[in-house]
Amino acid sequence: MIRYILGRIAVMVPTLLLISMLVFVIIELPPGDYFESYIAELRAMGEATDMAEIEELRERYGFDRPPVLRYVHWVGGMLVGDFGYSFEYRLPVSDVVGDRLWLTVLVSFVTIVFTWLIAFPIGIYSATHQYSWGDYGLTLAGLIGIAVPNFMLALVVMYFANIWFGVSIGGLMDREYMGAAMSWEKFRSILSHIWIPVIIIGTAGTAGMVRRLRANLLDELNKQYVVTARSKGLHPMRVLLKYPLRMSLNFFISDIGSILPSIISGAEVTAIVLSLETTGPMLIKALQTQDMYLAGSFLMFLAFLTVIGVLVSDIALAILDPRIRLGGGSRK
């Protein structure tokens, strides 16, 4: 196991290096840069443009150098914790992300826990009560949850909350706490707002997990070893929990590779609709304005979480399912 982990870590280094090259190339592909977009925006609003200041910023952050040198400077800075400078916010990237990062982690973590707590009991019930009225009803609700986009559900909930109760449910905290230092009052305000985006964002994930858990568990329950265990008189709950449920969780463990980056990226469009102070809208804006260091740092962090998540899922699968071998091949 240790040799396998060390080998995977050794492979992760060139993988992340290659991803950093691709990210930099993709960010550089659109014509122009942030400063040209900034100049065009100022002229569109009829404001004066200080070209001397623009040229000074270009020179300070290396936009007068070849792209290869800018790439080396960017990657070298990330290795020592310097993620660059956000031109849009006029602050270092680490300062810009700040509160938004932990708010995103909080929302995503609570959403994942909510999804698991709801999906597991429903999926087990549907699989063990196949073709019952409860199974049909839960299946219908799951299909609706998958079919309705999160951002559309957010719009509907916001509309009826305003019409019926006359309140706005956008944001993650009351307005007086925005930009303020963390305090117990601010934390309580976040907790009072967080359940709405958690339910909206978690709807599709819960419905999808229920469908996959039901299908996998039904497949395991129809296998011969389950029939044999039942014929020997084992308690139905023990038969269910011993191996069928354990084997049907392979998809759940495999999803860790995508769950970790989703904690940071989150539901970007839904976050925009609900005016959430998370990193998703910030990433979209950084890509639109060609704020390359901010966008590139986000994408590299997502790539890092992805390769870590895949490694964790591979190790967990080997522990969960004895049929899986880390080294590949077959045993005689």
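**Helix α2**

I started with what α2 packs against, and found that its buried residues sit against α3 (51–60). Everything here is read from a predicted model. The buried residues I listed for α2 (residues 34–44) are Tyr34, Phe35, Ile39 and Leu42. Looking down the axis of α2, I found those buried residues within an arc of 135°, so they line one face of the helix. I then checked what comes after α2 and noted Gly46, which has a positive phi, near 75°.

**Whole protein**

I stepped back for the overall picture. I counted 16 helices and 2 strands in the protein. Along the principal axes, the C-alpha atoms fill a box of roughly 85 × 60 × 40 Å. The protein has 332 residues, and 41% of them count as buried.

**Helix α7 and the nonpolar patch**

Next I went looking for nonpolar side chains on the surface. I found a patch made of Phe151, Met152, Leu155, Val156, Tyr159, Phe160, Ile163, Trp164, Phe165 and Val269. Together these residues have about 1000 Å² of accessible area. Which helix gives the patch its largest share? I got helix α7 (residues 150–165), with 9 residues.

I picked Met152 as one to look at by itself. Met152 is found in α7, and I have Met152 down as partly exposed, because its relative accessible area is 42%, which falls between the 20% limit for buried and the 50% limit for exposed.

α7 has 16 residues and reaches 22 Å from its first C-alpha to its last, close to the 22 Å expected at 1.5 Å a residue. The buried residues of α7 are Asn150, Ala154 and Ala161. Down the axis of α7 I saw these buried residues fall within an arc of 45°, so they line one face of the helix. What do the buried residues of α7 pack against? I found α8 (184–221) and α14 (268–273). On the face of α7 turned away from the buried side, I noted the exposed residues Ile163 and Trp164. Ile163 and Trp164 are also on my list for the nonpolar patch.

**Salt bridges**

How many salt bridges are there? My count came to 3.

I looked up Arg8 and Asp314, whose closest N and O atoms are 2.6 Å apart. Arg8 lies in helix α1 (residues 2–28) and Asp314 in helix α16 (residues 292–320), so this pair ties together parts that are 306 residues apart in sequence. Asp314 goes down as partly exposed, because its relative accessibility is 24%.

Next came Arg214 and Asp135, whose side chains meet in a salt bridge at 2.8 Å, N to O. This pair also links distant parts of the chain: Arg214 is in helix α8 and Asp135 in helix α6 (residues 133–147), 79 residues apart. Are Arg214 and Asp135 buried or exposed? I have both Arg214 and Asp135 as buried.

I finished with Lys223 and Glu220, where the side chains meet at 3.1 Å, N to O. Lys223 counts as partly exposed because its relative accessibility is 28%. Glu220 is buried, because its relative accessible area is 5%.

Gly208 counts as buried because its relative accessibility is 19%, and the cut-off for buried is under 20%. I checked Gly208 against Leu143, 65 residues apart along the chain, and their C-alpha atoms are separated by 8.3 Å.

At 16% relative accessibility, His193 counts as buried. What does His193 touch, leaving out residues up to four places away in sequence? I wrote down Gly170, Gly171, Leu172, Met173 and Asp174.

Methods: Residues numbered from 1 in each chain as written. Predicted model: local features only at pLDDT ≥ 70, side-chain atom pairs only at ≥ 80, totals over all residues. Heavy atoms only, no water. Patch = residues over 30% accessible without salt bridge, like charges linked within 9 Å, V, L, I, M, F, W, Y side chains within 5 Å. Areas by Shrake-Rupley, 256 points an atom, 1.4 Å probe, with all protein chains shown as cover. Salt bridge = Lys/Arg side-chain N within 4 Å of Asp/Glu carboxyl O. Helix = DSSP H or I, 4+ residues; strand = E, 2+ residues; numbered from the N terminus. Buried < 20%, exposed > 50% of the residue type's maximum accessible area, 1.4 Å probe, protein only. Expected span 1.5 Å × (residues − 1). Arc of directions from axis to C-beta. Contact = heavy atoms within 4.5 Å.
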